[in-house]
Amino acid sequence: METKLRHLLRQRNITVTQAAKELGIKRETLQRKLSGQYPFYLREAVALHKLYFLDLDFLEIFSEYGKEQGIKAPCSAGKII
């Protein structure tokens, strides 16, 4: 199943390699985060939003990651989403 974030990256022709480089993480790590195997840190989600998706609602993009992990407020400070 494709996540909303993965779909948006593909739709905007942003590669996982490119996004991972911008975040300062390995491509494999971002792949695992996109698939839900690893959690996103708030700073990573905010960085992706600022870099590529300012025209979209933050929670629309990232809320599915919080739901997968049972977090009701995925953008709380210090929490991972």
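Predicted model: local features only at pLDDT ≥ 70, side-chain atom pairs only at ≥ 80, totals over all residues.

Started with the largest nonpolar core, 21 residues, and looked for the members that touch the most others: Leu-5, Leu-30, Leu-34, Leu-48 and Phe-62. Helices H1 (4-11), H2 (16-23), H3 (27-35), H4 and H5 each supply at least two residues of this core. For the record, a nonpolar core is a set of buried Ala, Val, Leu, Ile, Met, Phe, Trp, Tyr and Cys residues joined through side-chain atoms within 4.5 Å; buried is under 20% relative accessible area, exposed over 50%, partly exposed in between (1.4 Å probe, protein chains only). Helices are DSSP runs of H or I, at least four residues, numbered from the N terminus.

Numbering runs from 1 along each chain as its sequence is written, and side-chain values use heavy atoms, without hydrogens and water.

Next I checked H4 (residues 42-52): Leu-42, Glu-44, Ala-45, Leu-48, His-49 and Tyr-52 are buried. They sit on the same side of H4 because they cover an arc of only 170° around the axis, taken from the directions from axis to C-beta atoms. Arg-43 and Lys-50 are exposed on the face turned away.

Last, I looked up Glu-64, in H5 (residues 58-68). Glu-64 is buried without a salt bridge, the nearest oppositely charged side chain being Lys-4 at 6.4 Å; a salt bridge needs a Lys or Arg side-chain nitrogen within 4 Å of an Asp or Glu carboxyl oxygen. What does lie 2.8 Å from a polar side-chain atom of Glu-64 is the backbone nitrogen of Lys-4.

Technical notes
Lys, Arg positive; Asp, Glu negative; His and termini not counted. Polar contact = N/O pair within 3.5 Å; in protein donor to acceptor, adjacent residues only side chain to side chain.
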